[in-house]
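Subject: Structure handover and findings

Dear colleague,

Please find below the structure that I am handing over to you. My notes on what was found in it follow directly after.

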Amino acid sequence: MLYDVIIVGGSYAGLSAGLQLARARRQVLVIDAGQRRNRFAATSHGFLGQDGQAPEAIASQGRGQLMAYPTVTWVQDRVIQASGESQGFAIGTECNGTFHAKRLILATGVVDELPAIEGLESRWGKHVFHCPYCHGYELDEGHIGVLATSALAMHHALMLPDWGTTTLFTNGVFIPDAEQQAHLDRRGVSVECGAVRRICGERADLELDDGRLFSLDGIFTMSRTRISPLAAQLGCELADGPTGPYLHTNDMRQTSQPGVFACGDASLAAGSVALAVAEGVRAGVGAHFSLING
């Protein structure tokens with residue numbers, strides 16, 4: 001079968017893109033490996049109408065609504081190969097063979113590569129976060145740490161005083177210059193320059209190499225992000241973001257390769273459920289317009 005559109009990734013962006021195409025009565029195949037980026041978080045915030053809901057519940061509701069449309073097919077599998085062909089694109093999966101479509105939407109998300117600090121990975125999405133808008137309010141104006149992975153930690157450090165008492169742990173990564181320090185002082189941010197040994201305790205206590213222990217309600221840090229190898233297989237142009245490369249797209253979310261669209265965290269230098277859903281709309285509509293215009 002030749003589908004109108006194959007969507008790689010069935011999380012928030014992919015579901016949103018699929019809904020636009022399903023409502024246009026297009027034949028859509030969604031291929032999803034079941035690895036949502038926010039699967040470690042208990043609740044999701046900042047998405048109007050779904051604030052405070054479990055991420056899995058939002059995704060499950062979205063999938064149920066999408067699959068109510070008869071032109072949509074869902075395959076649970078991992079895509080391992082993508083290439084162009086005369087009629088469009090061939091998408092190879094790990095377990096279910098190869099599928100074909102006229103257009104392709106990459107909603108693959110990103111993989112977070114976390115700082116190699118003892119205790120951090122097990123607390124990711126629970127007490128260690130990347131997005132203040134998603135998780136800052138729930139810290140109830142408590143004690144917040146910013147763990148530097150680069151000089152970009154200044155961004156977090158200057159934002160987070162709106163959510164609580166903030167300490168920047170430079171971890172030997174960088175030392176604020178005089179201008180940066182003055183800005184931190186104006187925002188009331190404390191600075192600790194020692195190396196971080198581990199994160200421990202019931203929440204997110206942070207221990208430095210000199211043995212000092214800081215009791216924190218939450219920690220914010222920037223991961224490095226890695227995109228799917230499918231982008232390279234298809235020859236899509238990338239842009240440099242603050243945490244890693246992402247897919248470059250135009251206003252209709254088409255990549256540099258005609259017929260290939262992208263949405264969600266894979267095509268944004270930021271990440272949230274609300275943004276992913278919005279970008280999915282644009283990619284779905286963009287793919288539909290592309291089909292109409294040949």
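The model is a predicted one. I begin with its largest nonpolar core, which has 25 residues; those that touch the most other members are V5, I7, L21, V30, I105 and C263. Two or more residues of this core come from each of β1 (2–8), α1 (12–23), β2 (28–32), α2 (55–67), β3 (72–76) and α7 (273–293). The element that gives the most is α1, with 6 residues. Nonpolar side chains tend to be buried together in soluble globular proteins.

I turn next to the division of the chain. Domain 1 takes in residues 2–112 + 224–293, and domain 2 covers 115–221. Between the C-alpha centres of domain 1 and domain 2 the distance is 32 Å. Domain 1 brings 10 residues to the contact, and domain 2 brings 9 residues. About 740 Å² is buried between domain 1 and domain 2, and carbon and sulfur atoms account for 57% of that area.

β7 (residues 110–113) pairs with β16 (residues 224–227). This pairing is antiparallel and runs over 4 bridges, with V110 opposite I227 in β16. On the covered face of β7 are V110 and D112, while V111 and E113 are on the uncovered face.

Elsewhere, three strands form an open sheet in the order β12-β13-β14, with antiparallel pairing. At its edges are β12 (196–200) and β14 (213–214), each of which pairs on one side only. β13 (residues 205–208) is joined to β14 by 2 bridges in the antiparallel sense, and E207 stands opposite L213 in β14.

Finally, there are two local details around helix α5, which spans residues 178–186. At the start of α5, a side-chain oxygen of D177 comes to within 3.1 Å of the backbone nitrogen of E179. Just after α5, G188 has a positive phi of about 75°.

With kind regards,
A colleague

Definitions and conventions
Residues numbered from 1 in each chain as written. Predicted model: local features only at pLDDT ≥ 70, side-chain atom pairs only at ≥ 80, totals over all residues. Heavy atoms only, no water. Polar contact = N/O pair within 3.5 Å; in protein donor to acceptor, adjacent residues only side chain to side chain. Pairing = 2+ DSSP bridges. Buried < 20%, exposed > 50% of the residue type's maximum accessible area, 1.4 Å probe, protein only. Core = buried A, V, L, I, M, F, W, Y, C linked by side-chain atoms within 4.5 Å. Domains from an automatic or database assignment. Contact = heavy atoms within 4.5 Å. Buried area = accessible area lost by both parts, 1.4 Å probe.
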